[in-house]
Amino acid sequence: MLGAREGFAAFLPVSVGLVPWALVMGMAMSSHGFSPVEAMGMNLIVFAGTAQLGTLPLISSDAPLWLIVVTALALNLRFVIFSAAIAPGFHGVGTPQRWLSGHLLTDGVFATCAERMLQVDDPRWRLGFYLAPSLWSWLLWQSFTLIGIFAAGIVPASWSLEFMATIALIVLLVPMARIPPMLVAALAGGAAATLLRDMPLRLGTVAAIIIGIAAGFLAEHLEHKRRQS
């Protein structure tokens, strides 16, 4: 497939960060009482690490369903910005491929592919450049989450491997911060999360995500107006 080799090569260094994150995710689901079938079912259907990790404590504490759903939606709101930014790269691509691409969109793939896709005219090259790292990301995530599920009973809890997920997120955040609206969103969301951390039911996190998304959209709008003037 055209563009696939270039896309895979560009994403390969970033993909290393998915390994510890997926392992932690698998162990976290097992520690919260998920069976291997339930954990992999959630992994296949949701395919969004932050949404999974963010809703696990709510699920295990029997939080209201509406709160679990709202939290998952809020944690995935950043993909609205990602989709809007990368959408021009799918001009000339068929609807089935767009649906598949939407399901496979991740932070790392967006950070790797968005800028380059908008610079190439051939839609077949753009699709290959996007799908190769996306499918590799999906395969890594499913494989190492499964390993993490079965490793949960072996790895000592005292190792506190949860911090590895945070490190993986930082690895993905750094390249995205080169894009001004993304940097604005990250700064606004981080500041809001710190200020609102004492809100009940973890609603401070939800509010911070919404604030970050709004700030990113505003920054994107202002940048677009500046380019047109």
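In which loop is Asp-62 found? Asp-62 is found in the loop between H4 and helix H5 (65–75), in a predicted model where local features need pLDDT of at least 70, side-chain atom pairs count only at pLDDT 80 or more, and totals for chains, interfaces and linings use all residues. Residues are numbered from 1 along each chain as its sequence is written, and side-chain values use heavy atoms, with hydrogens and water left out.

The protein chain as a whole has 12 helices and zero strands, where helices (H or I, at least four residues) and strands (E, at least two) are DSSP runs numbered from the N terminus. Read from the N terminus on, the elements run α-α-α-α-α-α-α-α-α-α-α-α. Of the 229 residues in the protein chain, 42% are buried; here buried means under 20% relative accessible area, exposed means over 50%, and partly exposed lies in between, with a 1.4 Å probe and protein chains only.

Most residues other than glycine have a negative phi, and most peptide bonds are trans. Asp-62, although it is not a glycine, has a positive phi of about 55°, and with a relative accessible area of 69% this residue is exposed. Phe-47 also has a positive value without being glycine, its phi being near 45°. Phe-47 sits in the loop between H3 and helix H4 (49–60), and at 8% relative accessibility Phe-47 counts as buried.

Val-46 belongs to helix H3 (residues 36–46), and because its relative accessibility is 33%, Val-46 counts as partly exposed. Together with Leu-44 and Ile-45, Val-46 forms a nonpolar patch on the surface, and the accessible area of these residues together is about 280 Å². Patches are made of residues with over 30% relative accessible area and no salt bridge, like charges being joined within 9 Å and nonpolar side chains (Val, Leu, Ile, Met, Phe, Trp, Tyr) within 5 Å. The accessible areas themselves come from the Shrake-Rupley method with a 1.4 Å probe, and for residues only the protein chains shown count as cover.

The next topic is helix packing. Two packed helices are described by the angle between their axes and the distance between the axes. Helix H6 (residues 78–86) and helix H8 (residues 107–117) pack at an angle of about 20°, with their axes 10 Å apart; the axes are lines fitted to C-alpha atoms, for helices over the stretch in contact, and angles run from 0 to 180 degrees between N-to-C directions. H6 and H8 are therefore roughly parallel to each other, given that angles under 35 degrees count as roughly parallel, over 145 as roughly antiparallel, 65 to 115 as roughly perpendicular and the rest as oblique. The crossing of H6 and H8 is left-handed, a term used if the near helix is turned anticlockwise from the far one by less than a right angle, whereas clockwise makes a crossing right-handed.

Side chains of opposite charge can pair when their charged atoms come close. The structure holds one salt bridge, defined as a side-chain nitrogen of Lys or Arg within 4 Å of a carboxyl oxygen of Asp or Glu. Asp-122 and Arg-124 meet in a salt bridge through their side chains, at 3.6 Å from N to O. Asp-122 is partly exposed, with a relative accessible area of 25%, while Arg-124, at 58% relative accessibility, counts as exposed.

His-91, in the loop between H6 and helix H7 (95–104), is 35 residues from Arg-126 in sequence and 9.4 Å from Arg-126 in space, C-alpha to C-alpha. Val-206 lies in helix H12 (residues 203–228) and is buried, with a relative accessible area of 8%. Between Val-206 and Leu-75 there are 131 residues of separation in sequence and 7.1 Å in space, C-alpha to C-alpha.
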